[in-house]
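Please report on the local geometry of this chain.

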Amino acid sequence: MTQAEIINTAKAQLLRDFSCTEADFAAKDTIINKNIPFEGRRIYKSDGCFVKILCFMGKIIVSCDEKMIPFFENWLRGKTSAWLFQYDKLKELESELNKHGHTIADIHEYYLPTGNADTKPIDYALRWFDQQSIFQFETDDRITEAFAFDKTHPDMIAVGAYDGENLMGMAGASCDGEDLWQIGIDVFPPYKGRGVGSNLTRELKEAILAKNKVPFYGTVQSHMISKSVAIKAGFMPAWSELYTMKL
């Protein structure tokens with residue numbers, strides 16, 4: 001899969017997620033839409049929230065309750081995606097949301113694969129798990145990120161690092177969209193700092209691409225270790241999302 005194909009696959013999914021047409025995306029840098037549930041969107045707990053905002057490819061896309069459209073038409077005037085999630089702007093948005101009984105719930109950064117990885121040699125065993133064999137880990141409370149165990153985004157494939165019979169860490173991928181699979185990673189304390197996370201993420205990335213699906217990786221702004229794992233595994237920053245919840 002080429003880099004252009006990866007970007008276009010992600011774009012098609014994000015447009016469905018944010019109630020946006022291809023024509024609007026091509027014609028405008030700032031797009032404000034009423035939140036209409038498009039078929040094929042990724043469905044999370046935030047589905048149908050009061051406001052969600054996407055910054056992608058230099059564009060701002062807002063999907064919101066129609067009561068918020070006049071506010072965004074005014075507030076976004078002169079703003080760019082590069083600086084939209086700065087604290088002073090988030091305070092302004094939060095103030096308006098509070099008037100309607102809502103608040104900012106979270107902001108995530110997402111990464112897409114590139115061809116460049118910078119990982120350490122693997123000196124431990126790897127074991128692969130398919131959709132069914134993943135369920136053996138459902139009661140393993142050490143694993144909090146690799147698996148969703150959620151029918152809405154089923155876990156599809158995983159790879160674990162082993163020191164003999166001891167599990168060092170696990171990377172898993174869930175089918176969040178038809179062609180977008182999200183990677184989650186857990187590395188256990190005795191094995192942190194050895195490059196296990198980036199190696200597992202890289203291996204899983206390549207396996208997903210081989211299935212003609214696009215892997216993506218999510219984290220938050222302050223999680224520097226998670227960002228480092230993504231970059232070393234051959235991912236690049238691609239987009240940011242903000243969503244809201246009721247107060």
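Which residue in strand 10 stands opposite lysine 52? Tyrosine 243 does.

This is a predicted model, so local features need pLDDT of at least 70 and side-chain atom pairs count only at pLDDT 80 or more, while totals for chains, interfaces and linings use all residues. Residues are numbered from 1 along each chain as its sequence is written, and side-chain values use heavy atoms, with hydrogens and water left out.

**Strands**

Helices (H or I, at least four residues) and strands (E, at least two) are DSSP runs, numbered from the N terminus. Two strands pair if DSSP finds at least two bridges between them. Strand 10 covers residues 235-246 and runs antiparallel to strand 2 (residues 51-56), with five bridges joining them. Strand 10 also runs antiparallel to strand 4 (residues 102-113), here with 11 bridges. Tyrosine 243 in strand 10 has aspartate 106 opposite. Lysine 52 also stands opposite tyrosine 243.

**Helix 1**

The expected span of a helix is 1.5 Å times one less than its number of residues. Helix 1 (residues 3-17) has 15 residues and should therefore span 21 Å; its end C-alpha atoms are 21 Å apart, which agrees. Buried means under 20% relative accessible area, exposed over 50%, and partly exposed in between (1.4 Å probe, protein chains only). Buried residues of helix 1 include Ile6, Ala10, Leu14 and Leu15. Lys11, Gln13 and Asp17 are buried too.

**Aromatic contacts**

Rings of Phe, Tyr and Trp (its six-membered ring) pair if their centres lie within 6.5 Å; planes under 30 degrees apart count as stacked, over 60 as edge-to-face and the rest as tilted. The count comes to 14 aromatic pairs. One of them joins phenylalanine 71 and tryptophan 75, stacked at 5.5 Å centre to centre with 15° between the planes. These two are four residues apart in helix 3 (residues 69-75), so about one helical turn separates them. Both phenylalanine 71 and tryptophan 75 are buried.

Tyrosine 110 and tryptophan 239 are stacked, because their ring centres are 5.2 Å apart and their planes lie at 20°. This pair links distant parts of the chain: tyrosine 110 is in strand 4, tryptophan 239 in strand 10, 129 residues apart. Tyrosine 110 and tryptophan 239 are both buried.

A charge sits over a ring if NZ of Lys or CZ of Arg is within 6 Å of the ring centre and within 35 degrees of the ring normal. Two such contacts follow.

| Charged residue | Ring | Distance to ring centre |
|---|---|---|
| Lysine 52 | Phenylalanine 18 | 5.0 Å |
| Lysine 59 | Phenylalanine 25 | 5.1 Å |

**Second largest pocket**

On a 1 Å grid over the protein atoms alone, a pocket is an open set of points with protein on both sides within 12 Å along at least five of seven lines; lining residues have an atom within 4 Å of a point. The second largest pocket has a volume of about 310 Å³. Of its 17 lining residues, the closest to its centre are Phe85, Ile107, Glu109, Gln221 and Ser240. Strand 4 gives the most to this lining, with three residues.

**Positive phi**

Methionine 57 has a phi near 55°. Methionine 57 lies in the loop between strand 2 and strand 3 (59-64) and, at 49% relative accessibility, counts as partly exposed. Asparagine 212 has a positive phi of about 65°. Asparagine 212 sits in the loop between helix 5 (196-210) and strand 9 (214-219). At 52% relative accessibility, asparagine 212 counts as exposed.

Definitions and conventions:
1 Å grid on protein atoms, 1.4 Å probe; cavity = no way out; pocket = protein on both sides within 12 Å on 5 of 7 lines; lining within 4 Å. Points joined across faces, edges and corners; volume = space filled by probe spheres on them.
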